[in-house]
Amino acid sequence: MLLTEAPITQEKMATKLAGCAPGVWRIAKRGGGGNMTAPSLLSAGLVSVIPDPQLLKTIDGVLRKEGATDEALLRILQLVLSRFDCATGTIHQLDQSGVWLELRAQVGIPPVIMDKVARIPVGKGMAGIAAERKEPVQVCNLQTDDSGVAKPAAKETHMAGSIAAPILVEKTILRGALGVAKPVPYEFTADEQALLMEIGATIGRHLGGATKQAVLDQYFVGVRAKLIEVAAFLDRVDRAEGEGDYRIAAFREALKALDGSEPARARNILLALSDPTTAPVAAAKGKAASGAWPGED
Amino acid sequence: MRYIEPHAHMVSRTTDDYAAMVTAGCEAVCEPAFWAGFDRSSAKGFHDYFSQLTDYEPQRAAKFGLPHFCWLCINPKESEDVALADEVLAMIPEFLTRPNVLGIGEIGLNKNSRNEMTVLEKHVELAVRHDQLILVHTPHLEDKLKGTRLIVDLLKSDRRIRPERVIIDHVEEHTAALVLDAGFWAGITLYPDSKCTPARAIDIVETHSANRVWLNCACDWGHSDPLAVPKTGREMRKRGHSEAAIDRLLFQNPHRFLRQCPNFSLPGDVPVAG
């Protein structure tokens with residue numbers, strides 16, 4: 001099936017082409033028109049079945065057990081290559097700068113182009129463009145491609161039909177790119193693109209830290225309860241008779257750290273409650289700590 | 001999941017806790033010498049306590065198939081009395097030959113007093129003289145920052161100290177970097193109220209390092225949870241950490257540190273020469 005300018009029908013999608021015209025490459029465009037991307041095909045219900053839930057379960061199981069080590073990613077890449085009947089493939093991870101894709105696993109990349117594959121800028125080459133557009137990019141025949149999408153060095157792989165898919169979590173957060181290629185001209189179907197995207201999402205969940213949505217889902221209700229406890233405590237103190245002491249003053253001062261913009265609020269609150277002096281005290285007065293520094297005598 | 005509990009005051013706990021820990025995957029427990037909740041009246045009380053740690057408690061743990069190890073010292077909470085500390089320090093060498101002794105600990109500071117510093121220095125001297133591992137307690141709450149700074153400065157100023165043989169315990173968000181950047185191991189203690197919750201402990205690991213870090217429950221006679229370490233493993237699993245990463249933090253890290261002591265050996269360990 002080609003992702004072309006023409007509207008896509010389910011009938012067309014069911015048709016898998018045996019080959020393609022030399023030099024033809026396709027980038028599934030975002031948005032409107034008749035073009036639809038693999039994710040949008042999925043959401044539109046035009047591609048309704050992720051064809052290989054067992055493969056996804058296996059990949060997730062490997063990563064849950066071992067983590068995203070180089071060895072685990074290589075084994076996963078080999079599974080993916082086998083599933084897609086491909087000979088060459090790569091897994092790149094987005095670096096912390098968000099600018100570079102670093103090679104984490106590869107199969108079949110010739111040593112002569114390894115330095116070009118090891119680090120790819122987002123936006124360059126098939127993997128880089130897929131990462132930038134957050135959509136799959138494919139070239140029907142790398143050997144005859146003159147579009148400029150694939151880097152010239154890609155021909156050195158001796159592959160023809162190739163595709164790169166972004167590794168996304170929660171559909172928008174980029175974690176890397178996954179690429180596979182065959183030695184014959186080939187167009188990857190919408191189902192295959194959708195599966196590659198799902199594989200990427202499965203890998204991506206283990207390639208970085210938690211997303212904001214995951215943190216909120218896991219912690220919001222529990223921490224909300226603690227926030228209300230803080231508020232209720234302050235109300236209780238205000239309702240109580242008599243004088244407070246250095247502890248409530250320190251508490252109110254420490255609360256200001258919650259307004260900070262840098263993710264060091266816990267540290268800053270602890271610092272606000274700490275004894276800032278540096279010299280040993282003359283003698284210990286008791287054994288207990290009160291939780292806030294009373295100040296120097 | 002398997003884990004090592006590297007800091008638990010088991011003499012304060014019931015046999016139910018031993019059973020629960022073993023059921024949860026505990027493969028060894030290590031017990032630093034601690035304050036009893038009251039000041040002992042004489043050095044004889046410490047002699048009895050050290051006998052309990054090196055003789056009776058290992059037998060109690062063995063009934064549950066759990067290897068028990070210990071650390072010896074006079075705890076910082078009793079270090080204000082330097083004369084008593086001297087008496088206790090003098091008797092420690094006779095216990096260092098016991099087969100379950102790991103080193104000197106948990107020494108350190110409580111209220112950051114001069115006498116506590118003096119006794120800490122004496123403990124460090126004892127550890128160096130007998131080539132022992134060191135486990136350091138850092139003070140509670142508002143005293144932790146200052147105490148950690150004093151401890152790190154003292155240890156760094158002694159060129160005989162090898163940081164990889166010292167673990168500084170009870171770090172929190174404001175002290176973890178002080179300890180790790182100086183090359184020491186850092187212990188994160190999991191307490192329901194003071195110290196760290198499982199979520200905060202994993203925050204520290206994620207934002208600092210998982211390399212020279214261990215987790216412990218430090219359960220004692222106070223509000224504490226002997227299963228806090230495996231519960232933190234569960235927290236890691238919920239966040240998507242791999243089983244391999246959980247095993248590294250909960251088992252392999254403490255194993256790596258403790259194996260520096262020839263007395264620490266678990267079934268399957270290759271014997272250490274010497």
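Reader: How do α8(B) and α9(B) run relative to each other, roughly parallel or roughly antiparallel?
Author: They're roughly antiparallel. In this predicted model, the axes of helix α8 (residues 228–238) of chain B and helix α9 (residues 243–258) of chain B come within 10 Å and cross at roughly 155 degrees. Angles under 35 degrees count as roughly parallel, over 145 as roughly antiparallel, 65 to 115 as roughly perpendicular and the rest as oblique. Axes are lines fitted to C-alpha atoms, for helices over the stretch in contact, with angles from 0 to 180 degrees between N-to-C directions.

Reader: And which residues make that contact?
Author: From α8(B) there are V229(B), G233(B), M236(B) and R237(B), and from α9(B) there are A245(B), I246(B) and L250(B). Two residues are in contact if their C-beta atoms, placed from the backbone, lie within 7 Å. By class, that's 5 nonpolar, 1 polar and 1 charged. Ala, Val, Leu, Ile, Met, Phe, Trp, Tyr, Cys and Pro count as nonpolar, Asp, Glu, Lys and Arg as charged, and the others, Gly among them, as polar.

Reader: How is the numbering set up, and what does the model need before it counts a feature?
Author: Residues are numbered from 1 along each chain as its sequence is written, while chains are lettered from A and ligands numbered from 1 in the order they are written. Being a predicted model, it needs pLDDT of at least 70 for local features and 80 or more for side-chain atom pairs, but totals for chains, interfaces and linings use all residues.

Reader: OK, switching topic. How many residues of chain A are in contact with chain B?
Author: 31 residues of chain A, and they meet 33 residues of chain B. On the chain A side, α3 (53–66), α8 (212–239) and α10 (265–272) each supply at least two residues. That side has 15 nonpolar, 9 polar and 7 charged residues.

Reader: How many helices and strands does chain A have?
Author: 10 helices and 7 strands. Those are DSSP runs numbered from the N terminus, with helices (H or I) of at least four residues and strands (E) of at least two. Of the 297 residues of chain A, 38% count as buried, meaning 20 or more other C-beta atoms within 10 Å; exposed is 12 or fewer, and partly exposed is in between.

Reader: Where is the pLDDT of chain A under 50?
Author: Over residues 1–19, for which the model has 29 contacts beyond four places in sequence. Residues 27–36 of chain A are also below 50, with 22 contacts beyond near neighbours in sequence. Chain A averages a pLDDT of 87, and 83% of its residues score at least 70. That score is the predictor's confidence in each residue, from 0 to 100.

Reader: What about phi in D85(A)?
Author: Phi of D85(A) is positive, near 55 degrees. D85(A) is in the loop between α4 (70–84) and β2 (88–94) of chain A, and counts as exposed, with 10 C-beta neighbours inside 10 Å.

Reader: And N112(B), buried or exposed?
Author: Buried, because N112(B) has 26 C-beta neighbours inside 10 Å. N112(B) also has a positive phi, about 65 degrees, and belongs to the loop between β4 and α4 (114–129) of chain B.
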